[in-house]
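Subject: Handing over the structure, with notes

Dear colleague,

Please find below the structure that I promised to pass on to you, together with its sequence.

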Amino acid sequence: MKMSKHFKYQHRLQQVIFYLLLLIVIIAVAVLSNRYFFEADWTANQRHTLSANTTEFLRSLDSPVSIEVFISPGHQYQKAAENLLERYRQHSQHLTITYIDPVTQPQRVRELAIQQQAEIVVTGQQGQQHVLDLSEQSLSNAIIKVSRSNLPKLMFVTGHGERDIVGDAAFDMAQWRNQLSITGFEVQSLSISKAIQNISADDNIVLVIASSQTVWPEKDMLQLKQYLQQGGNLLWLSEPDTDIGLHSISEYLNLSFVPGTMVDPNAAKLGLEDPRFVIVTDYANHPVTAATSSVTLMPGAHGIQLSDAESDWQITQLMQSQSDSWSELADINLANLDNLQFDEDLDIPGPLMLSVLLEKNLAANQKQRVAVFGDGDFVSNLYLGTAANLELAMSLVNWLVAEDDAIQIPLIKTRDNQLVLTDRQSLLIGLGFLVILPVSLFIIGLCIWWIRRRR
């Protein structure tokens with residue numbers, strides 16, 4: 001077919017216009033992509049996205065925070081550090097991020113006592129924090145700690161046989177104390193009289209009664225009651241069959257403790273031989289338990305019950321035992337735990353409340369918060385790392401000091417996508433590929449050949 005000059009001219013003109021428009025589109029896309037940013041995380045567990053709590057906290061950040069990353073150019077962790085910190089930069093203008101080569105700036109390394117590559121130093125109005133791992137949980141908690149206007153304090157009462165917050169024994173709580181210090185709490189261990197003396201109006205303080213074993217003197221009990229009447233926050237960890245003389249305090253809080261020790265037959269499902277380990281799966285809809293990713297384990301707990309008296313407390317029944325549990329009132333034979341049975345004439349049937357949160361509105365938009373637990377072992381050195389006990393403990397103290405932004409900074413974990421097959425399943429799959437599939441293809445081919453031949 002012979003084309004006229006006019007047709008050739010139109011064809012070339014169309015080509016010129018097409019390439020010109022294509023160039024304009026490419027330039028426009030380049031300009032828009034430089035001005036606007038869009039990112040989508042399609043991973044199964046959203047491991048490339050900051051949690052909602054972190055992003056909300058960063059948007060509310062109103063004080064400058066500097067982040068220094070000590071990493072050599074080309075290091076294997078450089079890309080991971082840059083990706084993590086870029087997510088933080090997108091949500092706050094108060095973050096200043098600086099990358100420092102430890103080789104070229106040894107003086108700064110010595111000043112800050114840097115220990116490793118990819119170590120991060122976060123500096124704010126409350127001092128400095130070192131972050132040794134590239135995780136959202138560690139970095140967010142460090143930013144929260146240095147940016148707090150008033151560092152919250154936990155005062156652990158001593159003098160009545162309480163757990164030691166620096167002891168390494170299984171009963172003690174040194175591990176929890178370390179976690180509290182890392183995440184931005186000032187932790188002290190004082191007698192009730194010294195604790196009351198050290199409290200000022202500007203302090204954000206929680207008094208902690210960690211499993212007292214001996215009776216409180218009348219003087220100490222009165223000081224504690226006065227502290228509560230003045231709007232003080234309290235965490236009370238109680239133990240079964242332990243009368244410590246704080247009946248007036250429990251009456252003030254409109255609650256009492258159920259006698260006996262909780263027994264949970266479901267403990268065997270987790271491979272626990274001792275039925276005194278209470279498995280908690282039933283949580284109230286509350287920010288404290290919203291940060292708890294799985295079951296919690298309460299070893300050697302007792303129940304809590306509320307009184308019917310009128311109260312100005314806002315009450316949340318946070319956790320309760322399962323329906324087939326009970327409070328064992330008889331003496332428990334440790335050598336014969338397998339034969340523990342519910343006695344309907346003696347024991348108290350479940351479900352029973354294991355923890356309660358109380359909240360009261362005070363003047364000037366302040367709130368008084370109290371948490372009472374029928375167990376203290378769940379934060380001990382022996383059991384803090386069990387199930388979701390640590391998550392519960394950390395979110396609990398953040399709620400008590402009204403640091404709701406810090407309640408849930410989850411640790412994003414890679415899902416276990418490993419496929420585990422039994423020997424029988426592996427054999428069937430092997431036979432399928434080696435025998436069944438080839439034979440099936442051969443039969444199909446033979447049938448097609450036979451049909452075509454008959455045609």
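Directly after helix α6 comes G184, which has a positive phi, near 105 degrees; helices here (H or I, at least four residues) and strands (E, at least two) are DSSP runs, numbered from the N terminus. Before going further, please note that this is a predicted model, in which local features need pLDDT of at least 70 and side-chain atom pairs count only at pLDDT 80 or more, while totals for chains, interfaces and linings use all residues. Residues are numbered from 1 along each chain as its sequence is written, and side-chain values use heavy atoms, with hydrogens and water left out.

Helix α6 itself covers residues 174-182, and its buried residues are A174, W176 and L180, where buried means under 20% relative accessible area, as against over 50% for exposed and in between for partly exposed (1.4 Å probe, protein chains only). These residues lie on the same side of α6, because they cover an arc of only 160 degrees around the axis, the arc being that of the directions from the helix axis to the C-beta atoms. They pack against β5 (153-158), β6 (186-191), β8 (233-237) and α11, and a contact of this kind means heavy atoms within 4.5 Å. Leaving aside residues up to four places away in sequence, W176 touches F156, L235, V379, L384, A393, M394 and V397.

W176 and L180 are also among the residues with the most contacts inside the largest nonpolar core, which has 38 residues; such a core is a set of buried Ala, Val, Leu, Ile, Met, Phe, Trp, Tyr and Cys residues joined through side-chain atoms within 4.5 Å. Helix α11 (residues 389-400) gives the largest share of this core, seven residues. A second, separate core has 27 residues, including V157, L190, V370 and V372. In soluble globular proteins, nonpolar side chains tend to be buried together.

Within helix α11 you will find L396, which is buried, with a relative accessible area of 1%. Apart from residues up to four places away in sequence, L396 touches L235, V288, L357, A371 and F373. The C-alpha atoms of L396 and A291 are separated by 9.4 Å, although these two residues are 105 residues apart along the chain.

Some backbone details also deserve a careful look. Most residues other than glycine have a negative phi, and most peptide bonds are trans. S211, however, has a positive phi near 60 degrees; S211 sits in the loop between β7 (205-210) and α8 (218-229), and it counts as buried at 0% relative accessibility. N254 likewise has a positive phi, of about 60 degrees, without being a glycine, and its place is in the loop between α9 (247-252) and β9 (255-257). The peptide bond from G350 to P351 is cis, with omega near 0 degrees, and P351 belongs to the loop between β17 (348-349) and β18 (353-361).

Finally, which residues line the largest cavity? They are S211, S212, L237, S238, E239, T242 and I244, where a lining residue has an atom within 4 Å of a point of the cavity, itself a set of points on a 1 Å grid over the protein atoms alone where a 1.4 Å probe fits but cannot get out.

With best wishes

Definitions and conventions:
On a 1 Å grid over the protein atoms alone, a cavity is a set of points where a 1.4 Å probe fits but cannot get out, and a pocket is an open set with protein on both sides within 12 Å along at least five of seven lines; lining residues have an atom within 4 Å of a point.
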